[in-house]
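Visitor: Please show me the model, and let us talk about how its features get their names.

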Amino acid sequence: MERDPAPVVDRVFNFSAGPAVMPVEVLEEARDDLLCLPGVGSSILEISHRSPAFDRILGDTLGILSDLLGGSADHEILLLQGGASLQFSMVPMNLLRAESTADYILTGTWGTTAARDARREGRVHVAWDGASTKHDRLPAADEISLSDDPAYVHITSNETIQGVQWKREPHVGTAPLVCDASSDFLSRPIDLARYGLIYACAQKNAGIAGVTVVIIRKDLLERAGDGLPRMLDYRTFAKEGSRPNTPPTFAIYILGLVCRWIRDVKGGLAGMARHNAAKAQLLYDVLDGSAGFYAGHARPECRSDMNVTFRLPDETLEREFLAGATARGLVDLKGHRSVGGIRASVYNAMPVEGVEMLRDWMLEFQRGRQA
Ligand SMILES: *Cc1c(COP(=O)(O)O)cnc(C)c1O
């Protein structure tokens, strides 16, 4: 995948929260091979999900993914559909028994939604909720109140809308830790041994919409009772190698290309994390040096390397800022409607050049308003 960058003059810098910017190298490879996969004679879009060619693609994708994550004999990687949102229900369906309680730590909109959906499946205990300060921070260790012997403890590693990210996992005793990692999956190394289950849709950081990665500790596979619909039971996907039916073949192919790009071009997850931290820091330095002109939503110790959220002094200035950004080819910076302000999503594939241009625009805009 080391290829010369083709001219991409019409491409803007896309700060969308998801589906989000993709590595140009991955788009180029997919484009070059779209009519005909090398040695196959057909497009990835046309081949059977049981064909040897797709066997290879699925095997490669799972292999590289497992290598990136450090490999774990205790965990199984499953590829599902239905987005992260289906996992809000599948996790409790599979892991929450009738007589037990699941604990949720709510650090933003997505975790709150996950808990809401879990309540339809069983008993939920909110172990902490940051709503009173608009989810601008993480809990301190002594603020988390777990129930007795929870079936699992659910966190959202990166709250995409608020821009709040866990820097390390909370201590949850012996309970399995379940994590929605949708918006920071493959952005940094992860210690799988600490997790019972991790899920992530691909379209933020790891590819395109259509495939959701679930990494589950093998002993938890047996937790589900009988009677779940077959396609909502993790065991079905484990037994059938993620192919109980037609999987999202193109999305899996792209996930494989992105994993290879992270491994071969970005230096694996450790290299990826360094790039990401450096990019986000460029913007946080502007916030911190702006004497309050740019006011970050997340508290400094909790802020995300993926979604940088901030406000300007008023909404008129925000509109002017966004219009000027768009004119410079810096697009999709409007914050989520529930939080307002600006959100710069600087996922894996956002080039540092895009972040530097945004930084320069922020500095120029503030100078212009305060001259
Ligand atoms: C985007 C996102 C979701 C929702 O993902 P879908 O694939 O649209 O269901 C859930 N959780 C987090 C943290 C997200 O960023």
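Guide: In the side chain of glutamine 203, an N or O atom is 3.0 Å from an oxygen atom of the ligand. This is a predicted model, where local features need pLDDT of at least 70, side-chain atom pairs count only at pLDDT 80 or more, and totals for chains, interfaces and linings use all residues. Residues are numbered from 1 along each chain as its sequence is written, and side-chain values use heavy atoms, with hydrogens and water left out.

Visitor: Why are helix 1 and helix 6 called oblique to each other?

Guide: The axes of helix 1 (residues 24-32) and helix 6 (residues 249-264) cross at roughly 135° and come within 10 Å. Angles under 35 degrees count as roughly parallel, over 145 as roughly antiparallel, 65 to 115 as roughly perpendicular and the rest as oblique, and helix 1 and helix 6 are therefore oblique.

Visitor: Which residues of helix 1 and helix 6 meet?

Guide: Glu25, Val26, Glu29 and Ala30 of helix 1 meet Tyr253, Ile254, Leu257, Val258, Arg260 and Trp261 of helix 6, where contact means heavy atoms within 4.5 Å.

Terms used:
A polar contact is a pair of N or O atoms within 3.5 Å; within protein, one must be able to donate a hydrogen and the other to accept it, and residues adjacent in sequence count only if both atoms are side-chain atoms. Axes are lines fitted to C-alpha atoms, for helices over the stretch in contact, and angles run from 0 to 180 degrees between N-to-C directions. Helices (H or I, at least four residues) and strands (E, at least two) are DSSP runs, numbered from the N terminus.
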